Amino acid sequence: MKTPEVVEVIVREWPDPSEIKVERQRMDGYWFLHWFGGQLYYLRLKPGGPNVQGKSVEVETARHPWLLRSRVEDAMESALPRYSALRKRPFTFLAQKSELLELARSQVGVSHPLLETFRISPRFVISTKIYEDADGRAKIGAFVSIGMRYDIDTDLADLARSGVDITGMYVVRRDPQPGERRLVGRVRRVDGDWTHVFENAEDDVFETGDLKLEGSKENFSRCLTSLLGPFQYRKLHSAIDDEEARFRIGPSFDRVVAQMGEFLKKKPIRIAQNLEVGVGDRIVLSNSGAARSVYQAPVVEYVFDRTGAKSHEFAWAGLTRNGPYDRSSFAKKSPRILVAFPSPVQSKVEFFLRAFRDGLGTEFHSYSTGFRDLFGLVGVDFVLCPVNVNVGDPGSPQKVYRTAMEERIASGGDIDGGIVVLFDEHAFLPGNDNPYVQTKALLLTLAIPTQELRLSTMTAEPRNLQYTLQNFAVAMYAKLNGVPWTVNHDKAINDELVVGMGVAELSGSRAQKRQRLVGITTVFSGDGTYLLGDVSRECSYEDHADAVRESLLGVLQTLKRRNNWLPGDTVRVIFHANKPLKRVDIAKVAFDCAKAVGGEQNIQMAFVTVSHDHPFSLVDKNERGLAVGKSGKSKGVYAPPRGTIARIGPFTRLLCVNAGKLIKRANTPLPTPLLISLHPDSTFRDVDYLAEQALKFTSLSWRSVLPAGSPVTIYYSERIAELLGRLREVPDWSPSALNVKLRWSRWFL
């Protein structure tokens, strides 16, 4: 953006930012207020109004861009006066002439009287952020992101009369008043003018006319499948996908952003009295002279032995050629695996188990060799546990599963792992009614990791099943405490730990305020070897920092003993977090713990936030994508190659992790890069090294043979958080085993 070089403001000392609200109300319309570093800055918007007693200073925009950035974001709405704000900061609005569901249904000739009450509109967000160009100068940019807003305006009674079962769907207030929570809860039943809800912190009964279904993709799918039938809905869904692609795939996104930029350039944005800013040209990151704004990280190599000599660019190809990383040291050479399954499908289960253990044969080269030979095992003993359930049986399938498995386990013999096969209808049962949640809780209490398998997945055609078996085999080996692979790593110091820090919000539902938290810690060595995991005690929001400190100190002390840190050793501890909690300085907690444990060592520390939640996108017009079959379409057009790293600030990088063969469809939206942000108090400050390490850690997921969308430090924490939230609903569940026998297990894969 084109901004003035200096801005005249009045500055007052203001230590407590919590007291600004009243002052902002007093100055409303006449002064713009911004708090920074214990001082309150006043920027005059127009003549008149209250006077301000303070020191008049000139602020250089290049050195202190935060003031103008905040004000420009506040004023962005005035640049687009024809659009109503869904949200003011950042300015968020809907397209006025593009209702995508109407366009899609006209394309495929699908109709229903209630369809006009379902709407999909492109949603635009314009965020103002500070970035640095190649010469290191701080600038302000306007960044456009595009999403979709789904809205279901249908009367709940009309949906019920049309045969849609809305039981369990989330509902929202049509017109929430100031201070009212928009999300109400989930539908229990509709009785004419009254709707009964559950998972609600307020009343349990609301007037039906005051509510509507939440505009989620899940609610869309359930309603339209019921109204149109599965075949017609699939036609409509495909057409919707094509319409959304007109805004979100690479070339389309680039075109929309260019149009937005040209429109904003036409007229300056007034931000204060006698002060305007202008929108300039598109931001182009380039390499000029010695300064590099964009570069390509080295290709991540998968490693299959401790010397590093056996490596490969692709995980599955390297695994089939070399075997797993710990082939010589893996302890469970003849694992016993409990397999619980519905008794009516026993023959199908036995076929799958034979294919899993022995392979599909040379005709299916992607899984020709089975689990046993691939991982160098002596044998695999399946302990079969038929469960007398069927899809249409009345009663509770989870109780039948649990009883059968308890009896089978009690019959004798150690069990190393479990496989639970479910009908698809049972796999998606909510909460405590879900057999997998119940059986996983049972087996984890006994320190037995388990794997879910849906019948539709298990009975796929062999040409598709071979790829499922790859992922299934890798995850099962990892759950048995095996190490399928690590990544290439240059060891230049005595020890390096990478600590993932996550949080699970346990209490209440989406409609209630969540107060109970659990801290999650996963620890890896620098080469990506999973070392251990830890789940803190459950606590309130206010006590979270203390609980994390207690847990993290224990983890680091355990690793100090295990890795034999000696006085004078140089030890690097890198913390990864995703969206740290507000008002909880987890970085300070992490640094304090590292200093306390490593008092005799030379500790290098870095706290890195790894986030998907940001407004930045990268477009590479040299990337023409890959052909999709014989369709004539290409996927991944304009998507920068995996491993592209862009510098947008001294402590920030954008990291592209999804491109090329990892993009599945022609209509897949332009991938969003990860935002890598280094905490300024870090003592290890090589941001490029940290970004490359994050890239390597996306290749360490043992849930699939393909890289994950996030480093496993973050990805594993998210998986643990999801499972803890589900397991907590089981009445006799206790997480104690997770911090004892399963501390070194990847039970959450």
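Okay, let's start with Asp191: at 39% relative accessibility, this residue counts as partly exposed. Its partner is Arg189, and the two form a salt bridge with the closest N and O atoms 3.0 Å apart. Arg189 is partly exposed too, with a relative accessible area of 40%. Keep in mind that this is a predicted model.

Now, how many salt bridges does the structure hold? The count comes to 36, so let me pick out a few.

Take Arg743 and Asp534, whose side chains meet at 3.0 Å, N to O. This pair ties together distant parts of the chain, 209 residues apart: Arg743 sits in the segment after helix H19, while Asp534 belongs to strand S25. Buried or exposed, these two? Both are buried.

Then there's a local one in helix H3, residues 100-108, where Arg105 and Glu102 are three residues apart, about one turn of the helix. Their closest N and O atoms are 2.7 Å apart in the salt bridge. Arg105 is buried, with a relative accessible area of 16%, whereas Glu102 is partly exposed at 38%.

And we also get a network of salt bridges, linking Arg69, Arg71, Glu73, Asp74 and Arg89.

Last stop, helix H13, residues 435-445. The helix is mostly covered, with 10 of its 11 residues buried, among them Tyr436, Lys440 and Leu444. What caps the N-terminal end? That's Asn434, with a side-chain oxygen 2.8 Å from the backbone nitrogen of Tyr436. After H13 comes Ala447, whose phi is positive, near 65°.

Notes. Residues are numbered from 1 along each chain as its sequence is written. This is a predicted model: local features need pLDDT of at least 70, side-chain atom pairs count only at pLDDT 80 or more; totals for chains, interfaces and linings use all residues. Side-chain values use heavy atoms; hydrogens and water are left out. Buried means under 20% relative accessible area, exposed over 50%, partly exposed in between (1.4 Å probe, protein chains only). Helices (H or I, at least four residues) and strands (E, at least two) are DSSP runs, numbered from the N terminus. A polar contact is a pair of N or O atoms within 3.5 Å; within protein, one must be able to donate a hydrogen and the other to accept it, and residues adjacent in sequence count only if both atoms are side-chain atoms. A salt bridge is a side-chain nitrogen of Lys or Arg within 4 Å of a carboxyl oxygen of Asp or Glu.
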